[in-house]
Amino acid sequence: QLQVVESGGGLVQPGGSLRLACAASRGTLGDYAIGWFRQAPGKEREGVLCISSSESITTYADSVRGRFTISRDNAKNTVYLQMNSLKAEDTAVYYCAVRAGALFRLCPTTGTRNSWGRGTQVTVSS
């Protein structure tokens, strides 16, 4: 089973950009569909974007369309979330995840059994 860890979070001003990374601490990331999720204070965890092993993209949150981009670099065993035009409402803990078990080639959702990273905090504030 793939183990993942997030990095790249921090404090950024509204309108700014940030790039998050999801790296495999164990296993080959290129075999898995990787999803980015976020959870803001007092809100349910929501899906953001997912990228499959074939680099097909799924957008879960319409609010990030045109602003966020997901990509992968299999040589670096890493998936990235490029976040542009950040808004205060993007403030959340961001997680990457893979589906647990034999269905790891399918994108995870909040309703599936997943293996999660520990998350990285993104704060958008002036």
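Trainee: How many salt bridges does a search of the whole structure find?
Mentor: Four salt bridges turn up, where a salt bridge is a side-chain nitrogen of Lys or Arg within 4 Å of a carboxyl oxygen of Asp or Glu. Keep in mind that this is a predicted model, where local features need pLDDT of at least 70, side-chain atom pairs count only at pLDDT 80 or more, and totals for chains, interfaces and linings use all residues. Residues are numbered from 1 along each chain as its sequence is written, and side-chain values use heavy atoms, with hydrogens and water left out.

Trainee: Which residue forms a salt bridge with Arg-38?
Mentor: That is Glu-46, and the closest N and O atoms are 2.8 Å apart.

Trainee: Is Arg-38 buried or exposed?
Mentor: Arg-38 is buried, at a relative accessible area of 5%, while Glu-46 is partly exposed at 30%. Buried means under 20% relative accessible area, exposed over 50%, and partly exposed in between, using a 1.4 Å probe and protein chains only.

Trainee: And what does Asp-90 pair with?
Mentor: Asp-90 meets Arg-67 in a salt bridge, 2.8 Å from N to O. Asp-90 lies in the loop between strand 8 and strand 9 (92-99), and Arg-67 in the loop between strand 6 (57-59) and strand 7, so the pair ties together parts that are 23 residues apart in sequence. Both Asp-90 and Arg-67 are buried. Salt bridges with shared partners also join Arg-38, Glu-46, Arg-67 and Asp-90 into one network.

Trainee: What about Asp-62, where does its side chain go?
Mentor: The Asp-62 side chain meets that of Arg-65 in a salt bridge, 2.7 Å from N to O. Here Asp-62 is exposed at 58% relative accessibility, and Arg-65 is exposed too, at 52%.

Trainee: Switching topic: how many disulfides does the structure hold?
Mentor: Two, counting a disulfide as a pair of cysteine sulfur atoms within 2.5 Å. Cys-22 bonds with Cys-96, with the sulfur atoms 2.2 Å apart. This pair links distant parts of the chain, as Cys-22 is in strand 3 and Cys-96 in strand 9, 74 residues apart. Cys-22 is buried at 0% relative accessible area, and Cys-96 is buried at 0% as well.

Trainee: Why is the disulfide of Cys-22 and Cys-96 right-handed?
Mentor: Because the torsion about its S-S bond is about 75 degrees.

Trainee: And what joins Cys-50 to Cys-107?
Mentor: Another disulfide, with an S to S distance of 1.9 Å. The link of Cys-50 and Cys-107 is left-handed, at -100 degrees about the S-S bond. Cys-50 sits in strand 5 (residues 46-51) and Cys-107 in the loop between strand 9 and strand 10 (114-116), 57 residues apart. Counting bonded cysteines along the chain, the disulfides follow the pattern 1-3, 2-4.

Trainee: Now the sheet. In what order do the four strands come?
Mentor: They form an open sheet in the order 1-3-8-7, with antiparallel pairing. Strands (E, at least two residues) are DSSP runs, as are helices (H or I, at least four), numbered from the N terminus, and two strands pair if DSSP finds at least two bridges between them. Strand 1 (3-7) and strand 7 (68-73) stand at the edges with a single partner strand each, so one side of each has no neighbour in the sheet.

Trainee: How many bridges join strand 3 to strand 8?
Mentor: Six, between residues 18-26 and residues 78-83. For instance, Ala-21 has Tyr-80 in strand 8 as its bridge partner.
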